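Subject: Structure handover

Hello,

Please find the structure below.

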Amino acid sequence: MLDERLSLCAEFVSGVGTVCDVGTDHAYLVAELIKSGKCSSAIACDIADGPLDFAKQTVEKNAIEDKVKIIKSDGLDNILPDGITDVVIAGMGGELIRDIILRTEWLKNNVNLVLQPMTKPEVLREALYKNGYFIKEEKCAFDKTHAYSVMSVLFCGEYKEKITLKEKWLGKISDSKLPQNRAYAELFIRKEKKIIDGMKKSEEKGLLKEHEEIAKLFDDFLKGR
Ligand SMILES: C[S@@+](CC[C@H](N)C(=O)[O-])C[C@H]1O[C@@H](n2cnc3c(N)ncnc32)[C@H](O)[C@@H]1O
């Protein structure tokens, strides 16, 4: 059974062709996608040997060796695009996810990207829009203490130099009545308020206005404005 965060990633996978899970670690997502029948083939890749051994164990335990290839790779550097319709990059920082995407040209060929940044989602969203990608759909998952956003992303070729504060910080998260979306907004309000309080106490007030605007954006979201 996947947790809420990985279940949401699985939901966004199209299942049309091969799914590639980058930074697979335990390969739970891949195992679930194959066992549920949503995907008929998968690639589980990771940069490190420990996670790859773990992935191998999961694949053997579930007897899905014929459907899953395990490959050592930094991002998608060692992965050939043949037959891949979906790429999942989950559980990594937003900047690392951005760097992996921007150096992989073949992702522009109609590949559905399922992205779940652990940190800096705003940096990832801005880079996606600047580099011709757009967010089709975005939802939040909540697990006990933390709220995460998961996005489904496609290349469209429209390079947006400037995006709104809302596009950068909330992306396509829209329904302010959903508890997981509210938890996500509350998390960012707490973060921003900490930064604002720190800035007010120090001499460094340069970005104060920007942080106040971000906090207000999330506050307005919670108020349904
Ligand atoms: C926190 S785990 C996330 C596992 C799983 N994707 C999830 O969301 O539960 C991060 C994994 O990413 C792998 N990783 C880190 N940098 C990577 C890179 N540049 N390319 C491929 N995998 C990487 C790590 O080895 C680790 O197994």
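Asp25 sits in the loop that runs between strand S1 (18–22) and H2. Helices (H or I, at least four residues) and strands (E, at least two) are DSSP runs, numbered from the N terminus. Residues are numbered from 1 along each chain as its sequence is written. The model is predicted, so local features need pLDDT of at least 70 and side-chain atom pairs count only at pLDDT 80 or more, while totals for chains, interfaces and linings use all residues.

Back to Asp25: its phi is near 55°, a positive value in a residue other than glycine. Asp25 is partly exposed, because 18 other C-beta atoms lie within 10 Å. (A residue is buried if 20 or more other C-beta atoms lie within 10 Å of its own, exposed if 12 or fewer, and partly exposed in between; C-beta atoms are placed from the backbone.) Lys120 also has a positive phi, about 50°, although it is not a glycine. Lys120 is in the loop between S5 and H5, and with 16 C-beta neighbours inside 10 Å it counts as partly exposed.

The ligand

Which residues are closest to the ligand? They are Gly23, Asp25, Pro51, Ala90 and Gly91, out of 15 residues that surround it. Here a residue is near a molecule or strand if its C-beta atom, placed from the backbone, lies within 6 Å of it. Strand S4 (residues 84–92) gives the largest share of this shell, with 3 residues. By class, the shell has 8 nonpolar, 4 polar and 3 charged residues. Ala, Val, Leu, Ile, Met, Phe, Trp, Tyr, Cys and Pro count as nonpolar, Asp, Glu, Lys and Arg as charged, and the others, Gly among them, as polar.

Strand S4 also holds Thr85. Thr85 counts as partly exposed, because it has 18 C-beta neighbours inside 10 Å. Leaving out residues up to four places away in sequence, Thr85 touches Ser14, Val16, Gly17, Thr18, Val111 and Asn112. Two residues are in contact if their C-beta atoms, placed from the backbone, lie within 7 Å. Thr85 and Thr164 are 79 residues apart along the chain, and their C-alpha atoms are separated by 30 Å.

Helix H1

In helix H1 (residues 4–12), the buried residues are Arg5, Leu6, Leu8, Cys9, Ala10 and Phe12. These buried residues pack against helix H2 (28–35), S4, strand S5 (112–117), strand S6 (133–143) and strand S7 (146–155).

The axes of H1 and H2 come within 10 Å and cross at roughly 50°. That angle makes H1 oblique to H2. Axes are lines fitted to C-alpha atoms, for helices over the stretch in contact, and angles run from 0 to 180 degrees between N-to-C directions. Angles under 35 degrees count as roughly parallel, over 145 as roughly antiparallel, 65 to 115 as roughly perpendicular and the rest as oblique. The crossing of H1 and H2 is right-handed. (A crossing is left-handed if the near helix is turned anticlockwise from the far one by less than a right angle, and right-handed if clockwise.) Leu6, Cys9 and Ala10 of H1 make the contact with Tyr28, Leu29, Glu32 and Leu33 of H2. Of these contact residues, 6 are nonpolar, none polar and 1 charged.

How do H4 and H5 lie, and at what angle do their axes cross? The axes of helix H4 (residues 94–102) and helix H5 (residues 121–130) cross at roughly 25° and come within 7 Å, so the two helices are roughly parallel to each other. H4 passes H5 in a right-handed crossing. On H4 the contact is made by Gly94, Glu95, Ile97, Arg98 and Leu102, and on H5 by Pro121, Val123, Leu124 and Ala127. That contact has 6 nonpolar, 1 polar and 2 charged residues.

For H7 and H8, the axes come within 9 Å and cross at roughly 155°, so these helices are roughly antiparallel to each other. H7 passes H8 in a left-handed crossing. Among the residues that meet are Lys193 in H7 and Glu212 in H8. The C-alpha atoms of Glu212 and Lys193 are separated by 8.1 Å, and the two are 19 residues apart along the chain. The contact of H7 with H8 divides into 12 nonpolar, 1 polar and 5 charged residues.

Ser202 is in the loop between helix H7 (179–201) and H8, and with 9 C-beta neighbours inside 10 Å it counts as exposed.

Regards
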